[in-house]
Amino acid sequence: MALDSFGLGTELPRGRLSWAVAQVPALNRLSVALLRRSEGFRRASLEGLVADSATIGEDVHAAFAALLQRPDPGHAFRRWRAAEVTRSGYATTYVDLLPELQQPVLFLHGAADDVFPPAWSERAADLAPDGECVVLPDCGHWPPRERPDEVIERVAGFLGEA
């Protein structure tokens with residue numbers, strides 16, 4: 001099963017801006033500083049992951065703010081992003097391997113995902129010999145938060161437990 005997955009395409013969601021934020025250390029430092037100091041920027045950042053901001057409760061906002069106060073927040077993510085984001089797009093793609101899959105695979109994807117486009121999962125399902133894609137309407141990059149019941153139902157059905 002794949003859920004709004006990385007590795008199914010190479011296109012950067014915001015083109016050169018994505019590359020610059022990943023590769024220019026000053027922009028990384030600025031974004032972390034803004035996240036640490038600005039509740040509005042934190043909220044906008046988290047809410048940019050979902051189609052409906054009401055799905056992000058105050059507990060999630062508070063946990064995000066607390067995590068940002070740790071030493072060097074987001075270090076692992078920034079290192080991953082620096083290695084993966086190139087001028088021409090994401091470095092890693094598994095698209096060429098999809099036709100070799102020997103097991104069924106379910107691709108679940110939010111229709112309003114601005115991080116990795118739903119077209120990636122649709123194409124992946126077409127390339128996988130036994131692939132199925134379900135695009136969840138009114139859902140962004142965080143389906144387990146936005147549509148938990150539907151995600152559970154779809155996964156259970158795929159696993160034969162429904």
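Because the model is predicted, local features need pLDDT of at least 70 and side-chain atom pairs count only at pLDDT 80 or more, whereas totals for chains, interfaces and linings use all residues. Residues are numbered from 1 along each chain as its sequence is written, and side-chain values use heavy atoms, with hydrogens and water left out.

We may begin with the sheet. Helices (H or I, at least four residues) and strands (E, at least two) are DSSP runs numbered from the N terminus, and two strands are taken to pair if DSSP finds at least two bridges between them. On this basis, 3 strands form an open sheet in the order β1-β4-β5, with parallel pairing. Its edges are β1 (2-3) and β5 (131-136), each of which pairs on one side only. Between β4 (residues 105-110) and β5, the parallel pairing runs over 6 bridges; Leu108, for instance, has Val134 in β5 as its bridge partner. Helix α8 (residues 148-158) packs on this sheet and touches both β4 and β5, contact meaning heavy atoms within 4.5 Å. The direction of α8 makes about 170° with that of β4, where axes are lines fitted to C-alpha atoms (for helices over the stretch in contact) and angles run from 0 to 180 degrees between N-to-C directions.

Side chains of opposite charge can pair when their charged atoms come close. With a salt bridge defined as a side-chain nitrogen of Lys or Arg within 4 Å of a carboxyl oxygen of Asp or Glu, the structure holds 5 of them. Glu150 takes part in a salt bridge with Arg147 (2.4 Å, N to O), and Glu150 also forms one with Arg154, their closest N and O atoms being 3.4 Å apart. Arg154 and Glu150 are separated by about one helical turn, because they lie 4 residues apart in α8. For accessibility, buried means under 20% relative accessible area, exposed over 50%, and partly exposed in between (1.4 Å probe, protein chains only). Arg147, at 21%, is therefore partly exposed, and so is Arg154, at 33%. Elsewhere, salt bridges link Glu39, Arg43 and Glu58 in a network.

A further salt bridge joins the side chains of Asp72 and Arg78 (2.4 Å, N to O). Arg78 belongs to helix α5 (residues 75-84) and counts as buried because its relative accessibility is 19%, while Asp72, with a relative accessible area of 43%, is partly exposed. Leaving aside residues up to four places away in sequence, Arg78 touches Asn28, Val32, Asp72 and Pro73.

Ser18, in helix α1 (residues 16-23), is another buried residue, at 16% relative accessibility. With the sequence neighbours up to four places away again set aside, Ser18 touches Leu12, Pro13 and Val85.

Finally, the surface carries a nonpolar patch formed by Leu27, Leu30, Leu34 and Phe41, with about 310 Å² of accessible area together. Patches are made of residues with over 30% relative accessible area and no salt bridge, like charges being joined within 9 Å and nonpolar side chains (Val, Leu, Ile, Met, Phe, Trp, Tyr) within 5 Å. Areas come from the Shrake-Rupley method with a 1.4 Å probe, and for residues only the protein chains shown count as cover. Helix α2 (residues 25-37) provides the largest share of the patch, 3 residues. Leu30 is found in α2 and counts as partly exposed because its relative accessibility is 45%.
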